[in-house]
Amino acid sequence: MSMNETLNSQKPEILYSVKAGRGSTLRCKGWRQEAILRLLENNMENAEKPEELVIYGGIGKAARNWESYHAIVQSLKDLEEDETLVVQSGMPVAVFKTHKYAPTVVMATTNIMKPSWETFYDLQDKNLTIFAQYTAAPWEYIGTQGVIQGTFETLSAIARLHYEDSLVGKILLTAGAGGMGGNQTRAMAMHGGVGIVCDANIEMIRRRMNVGYIDVLAESLDEAIELAQEAARAKKSLGIAVVGNSADIFEEAYAKGFMPDILTSMTPAHDPISYLPAGYTPEEANELRRRDRDLYLVKARETMIRELRVTNEFFDKGVHAFEYGTSLRKECRDAGMPEEEAMKIPGFVAEYIRPLFCEGRGPFRWICLSGEASDLAKIDEMVLEKFKDDLLVTRWINLAKKHIPIEGLPARICYLGFGQRKEFALEINEMVKRGELAGPVAFSRDNLDSGSIVNPTFESEKMLDGGDLISDWPMLNGLLNAIGMCDLIALQANYSMGEAVHTGVTMIADGTEEATMRLSVCMTVDSGIGVVRHAQAGYQVAKDVANGKGNLTSEGIKIPLWWTPKATFGPEKTE
């Protein structure tokens, strides 16, 4: 009986905890395969519900089912250097003989025609698909820190634009302490400010407290406000949590006249079935999901509308309120809220982050596959020296060294831009080659990147050229990374159903000449197509980068034709 037949005939083991491989011993036939396996395991080590294969975001999974998980693990162990594993929505469906320069893994996840949540859940019930999230399905999740610099840089922009470049003495009110949202209080504290985060699930809060992202759990909103105002007056940083539903807490704060300086949320509004409706405990919500999914969606959307309406009221009072990539505005609009009301507050990319995209910057990250914290420390020092003239990079790395705990394999996120990523990755490969690091290093990045996603109410909202809906760019990103010999490439739909297409990519520095070749290409095209996208849309900073006149690198990009709104489509017709 073959391995696959055995897996299909036996009930697979359900794992309640997984620890990523570490050290120099390989279980696979090469470091590329071993690296991908360790990243999968690292996903599971940091998972919110490992026994359900859920990594973060409510339903974002690493594999379709336990049969698929074990088959993926075995396939990676057996994979030859000239073979490619094919994964369809979390299920390994084929291994092809390709060549040693081809990706180790290619995958496509949650790509559905005529998408809707109802269609998705019907297909998921039939064991045909999973929800990718952004870094769950392609095995790139690195814990809560994966999004923290995005929060930090968003807050940096708010500080620069509204508070003379300082958030000391300022208060953030937000919601969501899950795998993504749990970073917010720590990011605010890194700015010297105070953060209050509410979450209806006390276990989520405790998890964030255990890793140091939240300092104290208040017994009530009144206590949270008192603690926050006291810390703000003393100009001390503090991360405070309070148990409660976002709509309830925001409404209560508004009714009490408490006006924070900044307000947002990271509740999973993009996925209404994961969004907790007001009046339900997490346990009661789970029961309602099982009993009546349609009613759950109605209740969740009612609560979303309440959350957004009170957020709008804070905004009208002068609070710097924004949507932090949760699809709250879009979901409320789809649930019947008038367009003008639903889209009143800005999205954070269009409002604060897009200038970084124009330089090819975004949540680039590296993972030390050896598991040695000393490797991370050595890389930090290298970054500080190599990019010592880049204040954004040096400020972040120095703060991250102090404030960001290690979760799973030692990892770091840093907004390196076009040109910098290649220079950095090639130096890492040389460090591995020289034996300065205990093992290879993997590179990936999140969805919030320069050229890897289309999402008209998030990353591609309000583009200068009006191309918010054009999904060619992530497709081009995936094609370029694949021909660039990346180690893993994923093309997936995520965010609010039918709203976004995104590519995930992983590259490995194992100290070989082959890795030098791969990294030279992938590190150029991955962020380079993002520069092109923004340059073609009309952003001058991106045009300067493409023309070799950017602040980060003199390496340019050949542009055969610049886009203009007017063009020649044929002979002019005369009456």
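This is a predicted model: local features need pLDDT of at least 70, side-chain atom pairs count only at pLDDT 80 or more; totals for chains, interfaces and linings use all residues.
Student: How many residues of strand β6 are buried?
Tutor: Strand β6 covers residues 171-175 and is mostly covered. In a regular strand the side chains alternate between the two faces of the sheet. On one side of β6 you find Ile171, Leu173 and Ala175, and on the other Leu172 and Thr174, and both faces are covered. The number of buried residues in β6 is therefore five of five.

Student: Which residue in β7 stands opposite Leu173?
Tutor: Strand β7 spans residues 194-199 and runs parallel to β6, with five bridges joining the two. Within this pair, the residue in β7 opposite Leu173 is Ile196.

Student: Which residues in β10 stand opposite Leu172 and Leu173?
Tutor: Strand β10 (residues 262-263) pairs with β6 in the parallel sense, over two bridges. Opposite Leu172 stands Ile262. Opposite Leu173 stands Leu263.

Student: How do the axes of α10 and α11 cross: what is the angle, and which word describes it?
Tutor: Two packed helices are described by the angle between their axes and the distance between the axes. Here the axes of α10 (residues 282-291) and α11 (residues 293-316) come within 6 Å and cross at roughly 130°. That angle makes α10, relative to α11, oblique.

Student: Which residues of α11 meet α10, and how many residues of each class are in the contact?
Tutor: From α10 come Ala285, Leu288, Arg289 and Arg291, and they meet Arg293, Leu295 and Tyr296 in α11. Sorted by class, the contact has four nonpolar, no polar and three charged residues.

Student: Is Thr303 buried or exposed?
Tutor: Thr303 sits in helix α11. Beyond its neighbours within four places in sequence, Thr303 is in contact with Asn245, Ala247, Tyr275, Leu276, Pro277 and Ala278. Its relative accessible area is 3%, and the cut-off is under 20%, so Thr303 is buried.

Student: Which residues does Asn312 contact, leaving aside its neighbours within four places in sequence?
Tutor: Asn312 is also a residue of helix α11. At 4% relative accessibility, Asn312 counts as buried. With those sequence neighbours set aside, its contacts are Glu341, Lys344 and Ile345.

Student: Which helices do the buried residues of α14 pack against?
Tutor: Helix α14 (residues 348-357) is mostly covered, with seven of its 10 residues buried. Those residues are Phe348, Val349, Tyr352, Ile353, Arg354, Leu356 and Phe357. They pack against α5 (148-162), α16 (391-403) and α19 (513-537).

Student: Is Ser327 buried or exposed?
Tutor: Ser327 is found in the loop between β11 and α12 (328-334). Its phi is positive, about 70°, although Ser327 is not a glycine. At 0% relative accessibility, Ser327 counts as buried.

Student: And Lys462, is that residue buried or exposed?
Tutor: Lys462 lies in the loop between β15 (453-454) and α18 (472-483). Its phi, near 55°, is a positive value in a residue other than glycine. With a relative accessibility of 58%, Lys462 counts as exposed.

Student: How far apart in space are Met113 and Leu409?
Tutor: Met113 belongs to the loop between β5 (105-109) and α4 (117-125). At 73% relative accessibility, Met113 counts as exposed. Met113 and Leu409 are 296 residues apart in sequence, and their C-alpha to C-alpha distance in space is 37 Å.

Note on methods
Residues are numbered from 1 along each chain as its sequence is written. Side-chain values use heavy atoms; hydrogens and water are left out. Axes are lines fitted to C-alpha atoms, for helices over the stretch in contact, and angles run from 0 to 180 degrees between N-to-C directions. Helices (H or I, at least four residues) and strands (E, at least two) are DSSP runs, numbered from the N terminus. Angles under 35 degrees count as roughly parallel, over 145 as roughly antiparallel, 65 to 115 as roughly perpendicular and the rest as oblique. Contact means heavy atoms within 4.5 Å. Ala, Val, Leu, Ile, Met, Phe, Trp, Tyr, Cys and Pro count as nonpolar, Asp, Glu, Lys and Arg as charged, and the others, Gly among them, as polar. Buried means under 20% relative accessible area, exposed over 50%, partly exposed in between (1.4 Å probe, protein chains only). Two strands pair if DSSP finds at least two bridges between them.
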